[in-house]
Amino acid sequence: MKHLNCLLFLLVGISSYAQITMTGVVKDSLSNPLELANVVAINQATNALQSYGITNDKGKYTLELDANTSYKMQVSYVGMTMLEEVLTTQESDITKDYTLFAENELDAVELVYEMPVVVRGDTLIYNADSFKTGTERKLGDVLENLPGVEINEDGQVEVEGKVVNKLMVNGKDFFDGDTKIATENIPSDAVSKVQVLRNYAEVGQLRSVRNNQNNVALNIKLKEGKENFWFGNVTAGGGAAPEDELYLFQPKLFYYSPKYSLNFIGDLNNTGETAITRRDLRSFGGGFRTPSRSSGTDINLGDNNLNFLTNQGNALEIESQLATGNFSYSPTKNLDLSGFLIFNSSRILSRETSLVQYTNPEFGIPDEETEQTSRERSDQGLVKLSVSFQPNLNNQLDYDVLGRISDDSQNQNLFSSVIGNTSQLEEVTPYIINQNLNYYYTLNENNIFAFEAQHLIKDEDPFYNAVLVNDPEGEDAFDSTAEALGLDNTLIDYNLGQDRRIKSNQLDAKLDHYLILNQRSNINFTLGTILSRQEFRSDIFQFLTDGTTFDPTPTINDGRDSNDVEYNFSDVYLGVHYRVKSGIFTITPGFSVHAYGNKNTQSGVTFEDNFFRLLPDFETRIQFKKSEALTFRYEMRNQFTDVTRLAQGLVLNDYNSLQFGEPELQNALSNNLSLFYSSFNLFNYTNVFARASYSSNIDQIRSLTDFESVIRTSTFFNSNFADENFNLSGRVQRTFGKIRASLNASFNYSKINQFIQGEKSLNEGFTQSYTPGIRTNYKVAPNVTLRYRYSVTNNNQGDRETKFVTQSPSIEMDAYIWKKVVFRTNYSYTVQDLDDGDSQSFQNWDARISYRKDRDAKWEYEVRATNILTIDSQVRNSANNIAVFASETFIQPRFITLRLRYTL
């Protein structure tokens, strides 16, 4: 801690050395303050941009300047003649006001330097070179230097607390706007400007009639000379590891012209680096958004992909292959064609040990220690084609088709202190075809129509196999479960198998009519429908020693161990919303009336439920200033389950988890409230956002769980007890000269009613997290980022209370030495304190050093080391509504690689 304090004092000392503060007000000829005027100070001796400022709503600016130095001052504002003068500082602060006059072309003055930040309406433009220090190699490095921009833990880009939902390069979609692919692969030296498009509307015709305040997009402007030429880089390398030889090959090639663009990204390595993970690819929506997202209806089609043992970044061995291509082509000014192809393959060996302690000792569930190893294979492919045709300003037609296919498997060996040895095999080869058709038509200045439709086909075929040891002459922990399943217990093992097939077919469509009453108000009428059909088939069987299969008859669940279910869902709704602007308020009250139909057929019996429901919603936005707003939203939503929870037959989720559904499940109703505040002050680069949300679920679908030893059997019902959840999160960020300070905080409270062994108990969880940080942004001196994450998790689970305290200080440093060498390193230390007084800790240290002759050099040489301290594993403690988990995940050893990078 003493060394940390010394470093903090040093940073403050460096930032304030021999500097004075210059403040003042920029006004027009009538003495009215000018908001968002630019004030630039250029060092006369070095001709370098020394400092800049942007005025606030009172016209005030502030600059940090060196003492005893001469500056060329430039003051500018849109529509005004730029003022230029020479100013010499002394050793005392300066107060100086400026007056600008209406623009006269004869008096035009050339702007010597581009402003680092420019505001044009809803667009915020960062000049990338103004924030580069020389150590950047990819777009993400540049974005992290920009005030108001963050890259969160999931790799998403956030601007002023809002997640960026589209990213473009020179106005063209980059992999359908996926920010993570862009931030990790676009080279930093190609970036000229970063344009933040606030209140972004993909359809220009709807800009004035929809609430777009939460929509943020980024457009990356390339430097001159990058158009009509291939650019990018190719990296190749190798290295040594304790057991295997390391290899790496990463080509990243880009071509942009006014008519078309081509992008290719490849990655082949066994070093554990992942350009895109399995989870990223599963959640990659390709820009698809369901038309009914604001209707109030949520229908869950389920996800029957594999649950891999660990995430892709924490494993003993990781081999990755990635090949992606993206294109756009505009044969005419009215027609745009685009698409992408992604193939991702991974081979992973993972190992994890766990201690599981169940919530209530009175239930008689024994604590369980487990050790698992897993061989995981995943091959995933995505392809998308898009067409956009806009013959004139009044018509726009869009069509998209996305295909997704994968071939995944997981082979696990597990030892349980209760069950013994178990071998498990899981396989699935699903495919998805998603189509989207949108048409927008402006009839006249008062009437706009929008038709949006989406069709989804999904086919999933998971297979599960588990082999458990059996002593025909003795008693095993699995015997009672085997008897309940009707298995043959005379064999030396229980070799269980299960086939499942889930087919989903869904149409989601709506027609909107926007009636514009005047410049400040409009009414939106919506007629929409959701039509969904799911088929679910499953069967449990036992493999015998002669290779044949045995079809058991369970002694539980009325002997049902197979499913053949057809589930049809329909929703036809009419919505009305009124949107009005009054001063700083934008108010949008509305409602939707729904006619629901549910029908599922199984075992020759049909269960049907048809009803009407009114779902109100309300939103109001208070725009205090151009960059300060508060938004409140309330909505009531109807939630419907997927077919697997309706199926009456037994389903194996795992060897120790069985379930059977309830065909007469009803929908759940939720009340949701949210409040969002954001403020971005360009005058002093203060960024503040806070988000609060509350939800209360009525008739929530909950599970009734019974344990036999550590093996659970669950079914579902509509609970009469409301579950609640409250979230509060926020961030404050402020720049002081060359130092940026931030504080992130989050709070979560959840109340869940659980039902175990026939008894109801209340599970309450409270998590709070605080992360203060300091980051420097010097042009020549080394830059340091310090963070300290402190979190507390409290769980009250029936008669057991748990508390985890996590502390994780970290430091990152990057230095640009002699304008040739880049050194970057990061270190983190994590300690978790448990409520019984024990503590667990792990640390991580990575570093790399690279050399290139100068910034324009084609070749760069790099040495990179990961897990320098050779840490074997990482620890994690967590809890859910049933148990408390203490896990240890084993990771890759120290890797040292040598890399050569060639820049086109």
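How many helices and strands does the protein have? The count is 5 helices and 53 strands, taken as DSSP runs numbered from the N terminus (helices are H or I with at least four residues, strands are E with at least two). This is a predicted model, in which local features need pLDDT of at least 70 and side-chain atom pairs count only at pLDDT 80 or more, while totals for chains, interfaces and linings use all residues. Residues are numbered from 1 along each chain as its sequence is written, and side-chain values use heavy atoms, with hydrogens and water left out.

**View 1. The whole protein, for orientation.** The C-alpha trace spans about 100 × 70 × 55 Å along its principal axes. A compact globule of 904 residues would have a radius of gyration near 29 Å, so the 30 Å of this protein agrees; the radius is taken over C-alpha atoms, and the globule rule is 2.2 Å times the number of residues to the power 0.38. The accessible surface is about 41,100 Å², with 52% of it belonging to carbon and sulfur atoms (Shrake-Rupley method, 1.4 Å probe).

**View 2. An open sheet of 6 strands.** Follow the order β9-β10-β16-β17-β14-β15, where the pairing is mixed; two strands pair if DSSP finds at least two bridges between them. β9 (117–120) and β15 (172–173) stand at the edges with a single partner strand each, so one side of each has no neighbour in the sheet. β9 pairs with β10 (residues 123–127) in the antiparallel sense over 4 bridges, and Val117 has Tyr126 of β10 as its bridge partner.

View 3. Ile220 counts as buried because its relative accessibility is 0% (buried means under 20% relative accessible area, exposed over 50%, partly exposed in between; 1.4 Å probe, protein chains only). Leaving aside residues up to four places away in sequence, Ile220 touches Leu139, Leu167, Met168, Val169, Asn170, Val191, Lys193 and Val194, a contact being heavy atoms within 4.5 Å.

**View 4. Strand β50 and two antiparallel partners.** On one pairing, β50 (residues 859–866) is joined by 5 bridges to β49 (residues 839–851), and the two run antiparallel. The other is with β53 (residues 895–903), also antiparallel, over 8 bridges. Look for Ala865 in both: this residue of β50 is the bridge partner of Ala847, and its own bridge partner in β53 is Ile896.
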